[in-house]
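Please read the following report alongside the sequence and the three-dimensional view.

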Amino acid sequence: VPSLSDPSLPPSGVSCSGCGAELQCGDGGAPGFVPTERYRSLLSEGPAGLRGAVCQRCWALAHHGSALRLRLPPDEHRRVVSAALRRPPRHGRGPLLLYVLDVMELPDPVLPQLPALLGPDVPAAGVLVVGNKVDLLPADCRGHLGRLRQRVAAACARAGLRGAGLVDIRLVSAKTGYGMEGLVSRLQRSWKCAGDVYLLGATNSGKSTLFNTLLRSDYCKSRAPDVIDRATVSPWPGTTLNLLKFPIINPTCDRIFRRQERLKEEATKTEDQLSSEEKKYINQLRKQGYLVGEVGRTFQQQKSSAEIDFDPDMLSYSMDEDPRDPPKRFEEREEFTYNEVKDARWCFDTPGIVKEDCVLNLLTEKEVKLVLPSHAIVPRTFILKPGMVLFLAALGRIDYLEGEKPTWFSVLASNLLPVHVTTLSNADTIYEKHAAQEFLKVPMGGEERMKEFPPLVPQDITLKGIGTTEAVADIKLSSAGWVAVTAHTEEELLLRAYTPKGTALVVREPPLLPYISTIRGARIPGTPAYRTKKPPSFVENIRTTGSR
């Protein structure tokens, strides 16, 4: 079997079109690796051969959802981002920073690091904060998005982001398109084409998905989506390894007018007037999120395919598989002309900043896929008496130790993670017997896996209830999810919460969705559980023909 790596061949000087890392075949554990045979084959085709190729890691992510382990320490991520931000300003204007945060992760653990990352010598023109993944959260009452925006604003203020430095806060779903047309309009209205834009954020905040959605929107030069391959979208932390970019369209008066006309026309449509393909697409998004929006293009027909454009035959990397010659069509790739980009302003995607103390750092890629919610979260509410215990998989545990009355515990986590309620006297036995087994699901891998997995460590929490319909606090079990606690007025509770050693347990006051315990069905007889209830989804920019 030929060797997969060959350190004697120099790096290519060409970036992977999936992650931006330099393509190379010298080190299988480093970013940008392509197996030697494939690398040689691409080199033999001349300069066009490597352009548009993807590294082994991106190929695996796109086709198998599996990430290959890379030796890239957190400091290296920060170094790349920091160096990019310290580039001399182009066009006489510092860059606009588009900071992407996952609203479920509030208080965002990386936001406080932003001032240090920028430093006094970064000539940034301002920060626009994008609260992403709002589609995954159920509405607990009217106006829940306004409240979420206030929570993001409070997190920004605590991190020292306020006043002129904070351009705006927008709530979006990069995945379902909700709020994205509004974000594009805001960028074009205020920032126009004044300077470059950098996307920043923690790993798994949805940064690469946002980059891909902007690439297919009116924010990007009309020919760019055909020339630039999209960033690899994956739940694995730290996917984008170097700087990917696309050219920003100049929002001239004529273009703004044409765009507004398109948006007005779309807003008059009812669902019945949509094509069968559009209906199918929207219904698919409805299953995934509570908030849905379509992202269109004014200046060019959008491709109907929303899939990552990687050809599986372009890269062969398994030990027993021969590399195949790429189809000839890849040799004639479209390129930008010099005139198209000589004065271009660019939108850059940057590597995700790794969250310290995060449970995802302990998990395998298969486990990460179960833990990170990919569909609208359905709240699960339980009523517990003192002496009862709630498990969220084997990643979190809450003991109700002291209190006078029953209390409601509402779990907001991936629908794929099991929740189990037991008694205090049985809890330790259940964990020892079922951790890493199917019953608790994550982690997985049996006794061997648990030998290396950190033990659960406790933290005592005291809370005072504020009423039977409003939660007093969220107990956030690192990035595995959270539990909203709703108790009788003035009821004093003593809880003991556990997360794996080395991961952050946060008591979030006020809670993110205070009225979430009311989003439930009838009590299931003989159990502490209530039937679940999924609120309806909402599609923006489409007139409703009646209540859904």
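Predicted model: local features only at pLDDT ≥ 70, side-chain atom pairs only at ≥ 80, totals over all residues.

Residues are numbered from 1 along each chain as its sequence is written, and side-chain values use heavy atoms, with hydrogens and water left out.

**The chain as a whole**

The secondary structure of the protein chain comes to 15 helices and 18 strands, taken as DSSP runs numbered from the N terminus (helices are H or I with at least four residues, strands E with at least two). Of the 548 residues, 54% count as buried, where buried means under 20% relative accessible area, exposed over 50% and partly exposed in between, with a 1.4 Å probe and protein chains only. The chain exposes about 24100 Å², of which carbon and sulfur atoms supply 51%; accessible areas come from the Shrake-Rupley method with a 1.4 Å probe. Among contacts between residues at least 6 apart in sequence, 77% join residues at least 24 apart, contact meaning heavy atoms within 4.5 Å.

**The five-stranded sheet**

An open sheet is formed by 5 strands in the order E12-E9-E10-E16-E13, with antiparallel pairing; two strands pair if DSSP finds at least two bridges between them. Strand E12 (419-423) and strand E13 (456-464) stand at the edges with a single partner strand each, so one side of each is left without a neighbour in the sheet. Neighbouring strands of this sheet are turned by 20° against each other on average, direction ignored. Within the sheet, strand E9 (residues 388-392) is joined to strand E10 (residues 396-402) by 5 bridges, and Leu392 stands opposite Gly396 in E10. Helix H14 (residues 424-434) lies across E9, E10, E12 and E13, running at about 130° to E12, where axes are lines fitted to C-alpha atoms (for helices over the stretch in contact) and angles run from 0 to 180 degrees between N-to-C directions.

Strand E15 (residues 482-486) has 5 of its 5 residues buried, so it is largely enclosed by the rest of the structure. Both of its faces are covered, with Trp482, Ala484 and Thr486 buried on one side and Val483 and Val485 on the other. The pairings of E15 are set out below.

| Partner of E15 | Bridges | Sense |
|---|---|---|
| E11 (residues 407-412) | 5 bridges | antiparallel |
| E14 (residues 473-477) | 4 bridges | antiparallel |

Val411 stands opposite Val483 in E15, and Ala473 stands opposite Val485. In the hairpin of E14 and E15, which has 4 residues between the strands, Ser478 takes a positive phi near 55°.

**Helices H7 and H10**

Helix H7 (residues 180-191) and helix H10 (residues 253-267) pack at an angle of about 160°, with their axes 12 Å apart. They are therefore roughly antiparallel to each other, a term for angles over 145 degrees. Glu181, Val184, Ser185 and Gln188 in H7 meet Ile256, Arg259, Arg262 and Leu263 in H10.

**Pro455**

Pro455 lies in the loop between helix H15 (446-452) and E13, and at 49% relative accessibility it counts as partly exposed. Leaving aside its neighbours within four places in sequence, Pro455 is in contact with Thr499, Pro500 and Lys501. Pro455 and Leu395 are 60 residues apart in sequence and 9.6 Å apart in space, C-alpha to C-alpha.

Definitions and conventions
Parallel < 35°, antiparallel > 145°, perpendicular 65-115°, else oblique.
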